[in-house]
Each structure stands twice: as C-alpha cells, then as structure tokens.
Amino acid sequence: MKIALSVIALLLLVILGPAAWQYAHFDPNQAPPEQNLPWQIEHLPGGETRVFGITPGRTTLGEVTARLGQDGMSLAIVAEPNESGNVEMYYETVTMGFVAGKLIITADLPSATIDAMRERAPKTEYMQSTTRKATLAPADRGAALAAPVRALAFIPSAQLDEAVVQQRFGPPAERLRINDHQEHLLYPAQGLDLMLDSQGRELLQYVAPARFEEVRAPILKLAQSQAPTTPSTGKASGQ
C-alpha cells in the first residue's frame with residue numbers, strides 16, 4: 001500500500017516545543033490524563049487496533065468527521081503520475097491530547113472507484129511538482145465519507161528524537177534506514193511505521209496490524225535500493 005506522502009512538504013503552522021512529547025507524569029489528584037495521544041494505541045478483540053479513537057479498517061471517514069469536526073478539513077483524490085491515487089481526508093491542524101500536528105486519513109476504496117471519481121472531478125490542480133489533487137464531485141463525497149479508513153498519517157509539529165520515541169513507543173521490531181537522515185522504525189503489532197527525519201518532520205503511519213506488510217514492503221524495497229553494496233557479494237550491507 002502506497003500512502004501519498006506529498007503532504008510532508010506542506011508548511012507547518014503550529015509549532016510545539018519538543019518538551020511536549022516528554023510530558024510523562026500525571027498527578028491523580030489533578031486533571032485526568034490526556035487521551036488520544038499518538039502512542040496510546042489500543043489493541044481490540046480480533047487483532048484490530050485503535051488510535052485517536054479511529055479503528056483502521058472499521059471506522060468510516062464520515063465517523064472521523066463526526067469525531068474531529070470539519071473545520072480545516074479537505075477531501076480530495078491525491079495521485080502521483082500514472083497512478084489512481086487515494087481519496088484522502090486532510091486536517092491542516094489537529095491536537096491529539098496535547099500534541100498538535102497534521103492528519104491525513106486514507107480511504108479504503110478500489111482503484112476502479114477512485115478512477116471513476118477522478119473522471120468526474122470538477123477540478124484538478126498540482127499540489128507540488130507532479131502530484132495532482134482532484135476535488136471530488138458533490139455526488140462522490142457521500143461514497144468517500146462512507147468508506148472505511150485504510151490508514152492514518154500524523155505529522156507532529158513537535159520534533160521527535162529517538163530517546164523520546166523509545167520512551168513512548170518502546171523498541172521497534174525492525175529498523176529500516178533510507179538515507180543519512182531518514183529511518184523507519186517499524187511496530188507491526190501496533191500497525192505503526194514511525195519515520196524519524198533529522199532534517200525534517202517525522203511521520204507516523206497507522207494501519208491495521210493485519211495489513212502492516214503492505215506498508216513495510218515498499219519501505220524495505222526502498223531501503224535495500226539505497227543500501228551500500230559490498231564488492232565481494234554485491235549484496236546490501238547487513239543482509
């Protein structure tokens with residue numbers, strides 16, 4: 001599964017101090033602990049997970065809007081060249097617990113349905129470089145909102161570092177380095193791919209654990225293509 005990442009380059013308007021991620025201790029005599037934080041991933045019967053009150057594969061986009069509201073929300077098809085793309089719900093600014101950021105929710109729709117929606121789109125524009133954004137026709141919005149969530153991508157305004165990640169999410173099951181500043185920390189049991197980026201903003205992708213390999217496979221392929229090779233075997237180092 002390929003989730004459009006073009007939104008990473010958008011300007012971030014709400015900046016929090018890194019200390020927000022390290023807010024750890026709550027006095028039981030004071031206000032109750034914050035809820036819906038990025039690391040609060042619930043495990044449900046049947047192997048599903050829930051984060052931000054959203055269960056990938058079950059919660060619909062319409063239910064998300066009922067929960068988060070429609071202020072600052074847009075709904076469109078986002079696609080790279082020669083691809084069907086994805087129907088994406090985008091929130092410019094949300095606050096999960098005390099962590100602010102941007103939220104992108106991908107609908108689980110067949111490619112044929114997305115193609116047909118794009119053909120009916122009244123407007124298509126370029127977001128950046130060759131990435132296209134197609135506005136949904138009014139008649140297609142209902143079908144998009146009725147679709148279940150396939151994946152969520154959260155871009156926190158606060159800069160993360162590995163120490164905070166280890167404290168909040170624990171050690172990853174696997175690490176895949178893409179280049180000298182980007183590394184993916186994979187948590188398949190939680191359905192989480194957490195990309196650390198020392199030169200940009202971090203990205204947290206959530207999917208149902210049963211579909212995690214759809215996220216891991218393209219990351220692994222990219223990591224292997226970028227890995228140095230040894231002269232003797234030609235295989236990627238560490239393989």
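Colleague: Trp39 and Phe169: buried or exposed?

Modeller: Trp39 is buried, and Phe169 is buried too. Keep in mind that this is a predicted model.

Colleague: How are the two rings arranged?

Modeller: A search of the whole structure turns up five aromatic pairs. Trp39 and Phe169 form one that is edge-to-face. The centres are 6.4 Å apart, with 90° between the planes.

Colleague: Where do Trp39 and Phe169 sit in the chain?

Modeller: Trp39 is in the segment before strand 1 (42-43), and Phe169 is in helix 4. They are 130 residues apart, so the pair links distant parts of the chain.

Colleague: Which residues are in the ring cluster?

Modeller: Ring pairs link Trp39, Phe98, Phe169 and Tyr187.

Colleague: On to helix 4. Which of its residues are buried?

Modeller: Helix 4 spans residues 162-169, and its buried residues are Val164, Val165, Arg168 and Phe169. They cover an arc of only 100° around the axis, which puts them on the same side of the helix.

Colleague: What do the buried residues of helix 4 pack against?

Modeller: Three strands: strand 10 (182-187), strand 11 (192-197) and strand 12 (203-207).

Colleague: And what happens at the start of helix 4?

Modeller: A side-chain oxygen of Asp161 comes to within 3.2 Å of the backbone nitrogen of Ala163. Just after the helix, Gly170 has a positive phi of about 85°.

Colleague: Switching to strand 4. How many of its residues are buried?

Modeller: Eight of the eleven, counting over residues 86-96. Strand 4 is therefore largely enclosed by the rest of the structure.

Colleague: How does strand 3 join strand 4?

Modeller: Strand 3 (residues 73-79) runs antiparallel to strand 4, with six bridges between them. Ala76 stands opposite Glu88.

Colleague: What about strand 5?

Modeller: Strand 5 covers residues 99-107 and is also antiparallel to strand 4, joined by seven bridges. Thr95 has Ala100 as its bridge partner. This hairpin has two residues between the strands, and Gly97 in the turn takes a positive phi of about 70°.

Colleague: Which salt bridge joins Glu92 to a lysine?

Modeller: Glu92 meets Lys102, at 2.5 Å from N to O. Glu92 lies in strand 4 and Lys102 in strand 5, so the pair ties together parts that are ten residues apart in sequence. Glu92 is partly exposed, with a relative accessible area of 25%. Lys102 is buried, at 2%.

Colleague: How many salt bridges does the whole structure have?

Modeller: The search finds twelve. One of them joins Arg58 and Glu48, with the closest N and O atoms 2.1 Å apart. Arg58 is in the loop between strand 2 (49-50) and helix 1 (61-68), while Glu48 is in the loop between strand 1 and strand 2.

Colleague: Which residues form a network of salt bridges?

Modeller: Glu162, Arg175, Arg177 and Glu183. Within that group, Arg175 pairs with Glu183, and their closest N and O atoms are 3.1 Å apart.

Colleague: Arg175 and Glu183: buried or partly exposed?

Modeller: Arg175 is partly exposed, with a relative accessible area of 34%. Glu183 counts as buried, at 10% relative accessibility.

Methods: Residues are numbered from 1 along each chain as its sequence is written. This is a predicted model: local features need pLDDT of at least 70, side-chain atom pairs count only at pLDDT 80 or more; totals for chains, interfaces and linings use all residues. Side-chain values use heavy atoms; hydrogens and water are left out. Buried means under 20% relative accessible area, exposed over 50%, partly exposed in between (1.4 Å probe, protein chains only). Helices (H or I, at least four residues) and strands (E, at least two) are DSSP runs, numbered from the N terminus. The arc is that of the directions from the helix axis to the C-beta atoms. Contact means heavy atoms within 4.5 Å. A polar contact is a pair of N or O atoms within 3.5 Å; within protein, one must be able to donate a hydrogen and the other to accept it, and residues adjacent in sequence count only if both atoms are side-chain atoms. Two strands pair if DSSP finds at least two bridges between them. Rings of Phe, Tyr and Trp (its six-membered ring) pair if their centres lie within 6.5 Å; planes under 30 degrees apart count as stacked, over 60 as edge-to-face and the rest as tilted. A salt bridge is a side-chain nitrogen of Lys or Arg within 4 Å of a carboxyl oxygen of Asp or Glu.
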